[in-house]
Amino acid sequence: MDSVYLVVTLGAVIAGFVQGLSGFAFGLVAMSFWAWVLDPRLAAALAVFGALVGQVLAAITVRRGFDLGRLLPFVIGGLFGIPLGVALLPRLDMDWFKAILGALLVIWCPAMLYAKNLPKISAGGRAADAAVGMAGGVLGGIGGFTGTLPTLWCTLRGLDKDAQRAIIQNFNLSMLLVTMGTYLASGIVTRAMLPMFAIVAAAMLVPVLLGAKLYIGISEARFRQIVLGLLTASGVALLASAVPRLLERVA
């Protein structure tokens with residue numbers, strides 16, 4: 001049992017630092033540790049709780065670039081998307097879903113990273129932002145991938161690092177609040193989980209603040225590299241979890 005606490009703590013420390021630095025990706029990093037030692041339901045609840053705590057701390061610490069008018073279309077779209085994702089969940093083949101999304105990220109994000117002169121997407125305005133927010137909400141309802149598409153979209157929009165972080169940070173905060181409320185209302189979060197919640201909150205506190213402090217000093221180019229690198233890692237993780245299962249089904 002001691003080793004479980006150690007793994008939970010280590011995952012929270014590293015994931016907290018990454019979230020403080022980038023504004024997202026707590027669940028991606030933490031689950032790479034927790035998925036091996038925790039029950040899936042407990043791991044999911046801890047990932048949502050940790051991400052929510054990290055977003056609150058980061059939102060308090062880093063407030064640059066906030067623009068309510070720019071954020072609202074994403075949030076409104078996301079709130080409509082979450083119940084759609086929850087409704088789709090029982091009907092989806094999750095292995096194929098993860099494989100397709102993972103392949104998209106693994107191919108597209110490195111291409112964006114190395115093709116520095118890709119044209120910025122300026123068409124669509126707030127309607128396109130709302131559509132991407134809805135897609136993010138759907139992915140959040142399906143599997144907790146709320147920030148993936150909005151983060152990629154903001155990069156394609158060519159937003160500066162403060163504007164991009166403000167959108168993703170506050171979008172994820174809104175979606176996580178809804179998700180955690182759903183978990184509480186449905187009984188997914190139980191009293192027995194509370195000690196683990198306390199461990200995660202304590203372990204990630206300082207790393208989140210350190211990551212947020214480091215963020216302030218990094219350049220636009222470095223931030224873009226971090227974001228696209230994390231999205232690529234997310235795609236690799238999705239493929240690693242889905243491809244072996246698909247190969248087993250073929251065999």
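Author: Let us begin with a definition: a residue is buried under 20% relative accessible area, exposed over 50%, and partly exposed in between, with a 1.4 Å probe and protein chains only. This is a predicted model, in which local features need pLDDT of at least 70 and side-chain atom pairs count only at pLDDT 80 or more, while totals for chains, interfaces and linings use all residues. Residues are numbered from 1 along each chain as its sequence is written, and side-chain values use heavy atoms, with hydrogens and water left out.

Reader: Why is W34 called buried?

Author: The relative accessible area of W34 is 0%, and the limit is under 20%; W34 therefore counts as buried.

Reader: What makes F26 and W34 an edge-to-face pair?

Author: Rings of Phe, Tyr and Trp (its six-membered ring) pair if their centres lie within 6.5 Å; planes under 30 degrees apart are stacked, over 60 edge-to-face, and the rest tilted. The centres of F26 and W34 are 6.0 Å apart and their planes stand at 65°, so the pair is edge-to-face. By this rule there are three aromatic pairs.

Reader: Which residues touch the most other members of the largest nonpolar core?

Author: A nonpolar core is a set of buried Ala, Val, Leu, Ile, Met, Phe, Trp, Tyr and Cys residues joined through side-chain atoms within 4.5 Å. The largest one has 67 residues, and F26, W34, L38, L46 and V200 touch the most other members. Helix α3, residues 40-61, gives the most to this core, with eleven residues. Helices are DSSP runs (H or I, at least four residues), numbered from the N terminus.

Reader: How do you know that L247 is exposed or buried?

Author: L247 lies in helix α10, residues 220-250. Its relative accessibility is 55%, to be set against the limit of over 50%; L247 therefore counts as exposed.

Reader: What makes K161 a charge over the ring of Y215?

Author: The rule requires NZ of Lys or CZ of Arg within 6 Å of the ring centre and within 35 degrees of the ring normal. The charged end of K161 is 4.6 Å from the centre of the Y215 ring. R165 also lies over the face of Y215, at 4.3 Å from the ring centre.

Reader: Why is T151 called buried?

Author: T151, in helix α7, has 1% relative accessibility and therefore counts as buried.

Methods: Helices (H or I, at least four residues) and strands (E, at least two) are DSSP runs, numbered from the N terminus.
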